[in-house]
Amino acid sequence: MDVLDAIKSRKSVRAFKPDPVTREQIEEILNHVIRAPSAINLQPWEFIVVMGEEKQRLSRRLIKLYREKQISCSPGNVKPLSAAFSKRGAESFILMNPYLEKMGQEFNRFVNEGSCNFYGAPAAVIFCLDNAFSEARLVDIGIALGYFVLIAHKFGLSTCPIGLINAYEDDMKEILNIPENKDVVIGAAIGYADQDSPINEFTSPRDSLEHFLRWID
Ligand SMILES: Cc1cc2nc3c(=O)[nH]c(=O)nc-3n(C[C@H](O)[C@H](O)[C@H](O)COP(=O)(O)O)c2cc1C
């Protein structure tokens, strides 16, 4: 699979088969991920892979916390969003709904509890950053996440980034025994897509390039 094929065919998957992935598979993917560029070649990323019974335990705890605290997937903006951004977010929800209806699922519950459960994936990868770094280094973690989802796809595995865990960072640290000086930046579900699940028929739209681009010449 060449890079463009991977970019064109990758998508976030929200229903996984329970089939396990091995340490070797995840190590192979991460060995490619760490070829990603980073500022001053600091390679600031740290990965925690949670699998098996520990992953089930993590999911159970996160779902319980979500039910108690009701902190949902949200854009995490500090100011009201412009109409263009709000429209994109709303559209994604609306377009996902027919697939959820086929499954008898309500959007908020599916996405929030699903995210806490890493959508049933057998493994979760947690991307961390030492808090000695400035926020600028989040860029490096983002690049690593981009590599991760594409490389996993190349090896026949599907992923879904899970930003929701960031809202439960203190709990994540306690559950996974993550040192105080490490920030939990993002998680990702990884496993084999359940091709029979209607939600995996959903493909998210994109606005055309003109919305994002300004030339100065
Ligand atoms: C930083 C980040 C955080 C995300 N967090 C979540 C999440 O918590 N739950 C979820 O279902 N999807 C999450 N996603 C997946 C996005 O919703 C998805 O990438 C977007 O809708 C585009 O769809 P695609 O990945 O299928 O192209 C996240 C994606 C990114 C990049």
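**Exercise 1. Describe how helix H3 and helix H5 pack in this predicted model.**

Solution. 
- Start with what is needed. Two packed helices are described by the angle between their axes and the distance between the axes.
- Locate the helices. H3 covers residues 52–69, and H5 covers residues 107–116.
- Take the distance. Their axes come within 7 Å.
- Take the angle. The axes of H3 and H5 cross at roughly 140°.
- Classify it. Angles over 145 degrees count as roughly antiparallel. H3 and H5 are therefore oblique to each other.
- List the contact residues. H3 supplies Ser-59, Leu-62, Ile-63, Tyr-66 and Arg-67. H5 supplies Asn-108, Arg-109, Asn-112, Glu-113 and Cys-116.
- Sort them. The contact of H3 with H5 has four nonpolar, three polar and three charged residues.

**Exercise 2. Work out how H4 and H5 are oriented to each other.**

Solution. 
- Locate H4. This helix spans residues 83–103.
- Take both values. The axes of H4 and H5 come within 9 Å and cross at roughly 90°.
- Classify the angle. The range 65 to 115 degrees counts as roughly perpendicular. H4 and H5 are therefore roughly perpendicular to each other.
- List the contact residues. Phe-93, Met-96, Asn-97, Leu-100 and Met-103 come from H4. Phe-107, Phe-110 and Val-111 come from H5.
- Sort them. Seven are nonpolar, one is polar and none is charged.

**Exercise 3. Find which residues surround the ligand, and how much of the ligand the protein buries.**

Solution. 
- Check the side chains. An N or O atom in the Arg-10 side chain lies 2.9 Å from a ligand oxygen. For the Ser-115 side chain, an N or O atom is 2.8 Å from a ligand nitrogen.
- A backbone N or O atom of Leu-164 is 3.1 Å from a ligand oxygen.
- Finish with area. Alone, the ligand exposes 620 Å², and the protein buries 68% of that.

Conventions
Residues numbered from 1 in each chain as written. Predicted model: local features only at pLDDT ≥ 70, side-chain atom pairs only at ≥ 80, totals over all residues. Heavy atoms only, no water. Axes fitted to C-alpha atoms, helices over the stretch in contact; angles between N-to-C directions. Helix = DSSP H or I, 4+ residues; strand = E, 2+ residues; numbered from the N terminus. Parallel < 35°, antiparallel > 145°, perpendicular 65-115°, else oblique. Contact = heavy atoms within 4.5 Å. Nonpolar A, V, L, I, M, F, W, Y, C, P; charged D, E, K, R; others polar. Near = heavy atom within 4 Å. Polar contact = N/O pair within 3.5 Å; in protein donor to acceptor, adjacent residues only side chain to side chain. Areas by Shrake-Rupley, 256 points an atom, 1.4 Å probe, with all protein chains shown as cover.
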